[in-house]
Each structure stands twice: as C-alpha cells, then as structure tokens.
Amino acid sequence: MDGLNKGLSKIEIAMRWDPSPAGQPSTDLDLVAATYLADDPHGDPAYVVHFDSRSPDGTIYLNRDSKDGQGFGYDEVMMLELNRLDDRYARVVVGVVIQQRPAERTFVSVVNPGLRIREGYTVLTEDDFGGVLGATAATVAEFAREGSGPWTFHSGIRGFEGDPVTFTRTMGAARQA
C-alpha cells in the first residue's frame, strides 16, 4: 500500500487571535513560510512568503491577512500547494511572527491565539502557543520530502526570541539536540 501514498497536497494554515483590550496597542501576527532547496535543506531559504508577498510560482500565498485580530473565525490563512511545488524544493517551514510595533510583544500578551493546520477537512494539528509564551515568533510546521517523493508533515511549535528579520533567516536551520 505504500506505493499508493501520494503524500500531502494542498495545506491550509489558519491562525486566529482576539483584538487587544481597549486602550492597548493592536496585536499583529503574521504567517510566514520559507522554502529550502534540496541541495541545501537547512541553509538559507530560497524565498520567504509573508504578508505582502507570494511565492514566485503561486504555490504559497495568503488568503487572509489581519493587522489586529478583528473578524470572525481565523484572521490569517495561508495556503501551500505542495503538490505543485517544483522538485528542487525539499522543505517548507512555516512560522508565526508577532509584529513588534508599536509595542514589544510575546505570545503571553496575545489574547486567545489559535492555530489550525489541515489538508482538506482533515485537521493535522491545532495549538494555542501555550508552550512558547515568552517567544516573539515560532515555527509551527515543517513539510519535507526526499527527491520527488511525497510530502510529509512534522508538527511542533518551536519558539524564537528576537526580531522578525532574524527569525525569517534562521527559522529553517537544523535543530540543535
């Protein structure tokens, strides 16, 4: 039966949070995705997709972008069409960045955050960022494949403490044991 496994194809990553309390600066969370080449899967990203960009081939894009958490349901939604991604890419790492203006923030100050990753109607994982409360950003998913093989999903929230630019450059680095 392994030969019939086509792996993952079209993934939806959705994030929600509630607006900041009255009188507090708004909270702006952003989904980001970085792609890595097969010949350097833990090096520098080939490209990064974020709030004002999309992948060059249109396979990774934002459907919804919120700057304050106002709205119904999920505030930010990113789509990854892994089945269309060129064979030269071996990894896609997805993260969440808290914008640090007008005030510095960590996940402990985000009201009611939530994350859902799914393929079609199948939920792959859900999280509330409770394990990374002191972080300013976090990786939330990794998708990987060998050669032109099927894409696999690796869950797990990993916090980062620092500025968003450094995070996007290092979010796909090999994990330290």
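Start by selecting R145. At 9% relative accessibility, R145 counts as buried, because the cut-off for buried is under 20%. Keep in mind that this is a predicted model.

**Stop 1: the partner of R145**

D87 forms a salt bridge with R145. Their closest N and O atoms are 3.8 Å apart. The pair links distant parts of the chain, 58 residues apart. D87 sits in the loop between β5 (76-81) and β6 (89-98). R145 sits in the loop between β9 (137-144) and β10 (152-160).

**Stop 2**

How many salt bridges does a search of the whole structure find? The search finds 5. Two more of them come next.

Select E12 and R116. They form a salt bridge, with the closest N and O atoms 2.9 Å apart. E12 lies in strand β1 (residues 10-16) and R116 in strand β7 (residues 114-119), so this pair ties together parts that are 104 residues apart in sequence. Check the surroundings of each. E12 counts as buried at 16% relative accessibility. R116 counts as buried too, at 14%.

The side chains of R118 and E12 meet in a salt bridge, 2.7 Å from N to O. R118 lies in strand β7 and E12 in strand β1, so the pair ties together parts that are 106 residues apart in sequence. R118 counts as partly exposed, at 21% relative accessibility.

Keep E12, R116 and R118 on screen together. Salt bridges that share partners join these three residues into one network. Why can such pairs form? Side chains of opposite charge can pair when their charged atoms come close.

**Stop 3: the sheet that holds β1 and β7**

Switch to a cartoon view. Which strands make up the open sheet with β1 in it? There are 5 strands, in the order β4-β5-β1-β7-β8, and the pairing is antiparallel. Go to the edges. β4 (60-64) and β8 (122-127) stand there, each with a single partner strand, so one side of each is left without a neighbour in the sheet. Neighbouring strands of this sheet are turned by 20° against each other on average, direction ignored.

Zoom in on β1 and β5. These strands pair in the antiparallel sense over 6 bridges.

**Stop 4**

Move to another open sheet. Its 5 strands follow the order β3-β2-β6-β9-β10, with antiparallel pairing. Which strands are at the edges? They are β3 (47-49) and β10, and each pairs on one side only. From one strand to the next, the twist averages 20°.

Now highlight β2 (residues 29-37) together with β6. The two run antiparallel, and 9 bridges join them.

**Last view**

Bring D87 and R145 back. The loop with D87 lies between β5 and β6, and the loop with R145 lies between β9 and β10. Here β5 belongs to the sheet ordered β4-β5-β1-β7-β8, while β6, β9 and β10 belong to the sheet ordered β3-β2-β6-β9-β10.

Note on methods:
Residues are numbered from 1 along each chain as its sequence is written. This is a predicted model: local features need pLDDT of at least 70, side-chain atom pairs count only at pLDDT 80 or more; totals for chains, interfaces and linings use all residues. Side-chain values use heavy atoms; hydrogens and water are left out. A salt bridge is a side-chain nitrogen of Lys or Arg within 4 Å of a carboxyl oxygen of Asp or Glu. Helices (H or I, at least four residues) and strands (E, at least two) are DSSP runs, numbered from the N terminus. Buried means under 20% relative accessible area, exposed over 50%, partly exposed in between (1.4 Å probe, protein chains only). Two strands pair if DSSP finds at least two bridges between them. Axes are lines fitted to C-alpha atoms, for helices over the stretch in contact, and angles run from 0 to 180 degrees between N-to-C directions.
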